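Hi,

Here is the structure I promised to send you. Have a look at it first, then read my notes below.

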Amino acid sequence: MVGISQWIAGMLWKLLIRSQPCRLCSFRKMLSAPKYTPFLASFTYTTDNQSNRENKKTAEKLYKLSVDIRKIRRLKGWVLLEDETYVEEIANILQQLGASETAVASILEHCPEAIICSPPAVNTQRELWQSVCKNEKELVKLIEQFPESFFTVKDQENQKLNVQFFQELGLKNVVIRRFLTTASIIFHTPIEKNKQMIKVLQESYLNLGGSEVNMKVWLLKLLSQNPFILLNSSASIKETLEFLQEQRFTNFEILQLLSKLKGFLFQLCPRSIQNSMSFSKNAFKCTDHDLKQLVLKCPALLYYSVPVLEERIQGLLKEGISIAQIREMPKVLELMPQIVQYRLRKLNSLGYRIKDGYLANLSGTKKEFEANFGKIQAKKGRPLFNPVAPLNVEE
């Protein structure tokens, strides 16, 4: 009976196949020919297509200079598609400055846009940067470290005027070099705007009670610490100062805050400052007067956002540090939670209980902490008496 059943089932299956050949054929087609092209296949096609459209002469010249063309294709492949490039000319300019073959290759790999800069523009940029560098060796080192800043060759006349303006203000060339490499945007700002912002800062300083004798020193220090202050508007600076005065900070205290926060205070809107102050007042359960004293001890209370302040206070509380201790030494809030944990482990290794101690040994810069830690460590290992010292024994 089982054999007959199997035979009948087989016959039925054959009839089913013969009766519906189109469906099975369609099903096989669906499996063998997917409707959508796989992603990698499209990616390969695009890459091959781009390679076919590349400027072959440009690629060959870069290859001769030992430049990793694959890196350029991966990061800024559009440069290789440009019809007009100046590979040999830019390489020659760098070599004339004393750059080695390795340095030239590295510069072009990290900033391939350099090869589309016209040689006259690059020579003009070289002259401008050389005016604030000690020698060509220093210039080459700067170009290696910050090629994008050097090869941003637009607004060259404006850049030149800004360099001269900063020199006339009294900024040293070493500071201007740092601006060119890490804050190059301020040199592309119209010279008139930079002059206007300097005037606003000078007037603000005098209006807050600063003296003309100290104004230059204050201004140059502020600029060297935070050149991006020049990107602010005069209206935002006025608004921030008025807000701080409404919070009953004296003019002298506002000058202190500006100096300690390195001018970053002007980059905050009054609403953000108000939110941070309100949070701190609730967290520390203090009066307006006490809050002001906390801010003067730790100006970062104005700068940090509410989420940052909340995270840092909670982190300290988890380590067993009380709100009272934080109020006593609010500058500990300047430390990230990871740094707090690291320093606590080091102090605990010496048996120092931060819960019972003063937070001054925990806060401060890395250098200050290491100095305090060294003193605690030396005190911990000091003998109770000096065995070499003579004993005063009465006979």
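Let's begin with asparagine 162, which sits in helix H11 (residues 156–169); helices here are DSSP runs of H or I with at least four residues, numbered from the N terminus. With 0% relative accessibility, asparagine 162 is buried (under 20% relative accessible area is buried, over 50% exposed, in between partly exposed, with a 1.4 Å probe and protein chains only). Leaving out residues up to four places away in sequence, asparagine 162 touches Ile186, Phe187, Thr189, Ile191 and Asn194, where contact means heavy atoms within 4.5 Å.

A quick word on the source: this is a predicted model, where local features need pLDDT of at least 70 and side-chain atom pairs count only at pLDDT 80 or more, while totals for chains, interfaces and linings use all residues. Residues are numbered from 1 along each chain as its sequence is written, and side-chain values use heavy atoms, without hydrogens and water.

Aspartate 155 isn't a glycine, yet has a positive phi of about 55 degrees. You'll find aspartate 155 in the loop between helix H10 (147–150) and H11, and it is partly exposed, at 38% relative accessible area.

Arginine 248 also isn't a glycine, and its phi is positive, near 70 degrees. Arginine 248 lies in the loop between helix H16 (234–246) and helix H17 (251–260). Is arginine 248 buried or exposed? Its relative accessibility is 70%, so arginine 248 counts as exposed.

Terms used: Helices (H or I, at least four residues) and strands (E, at least two) are DSSP runs, numbered from the N terminus.
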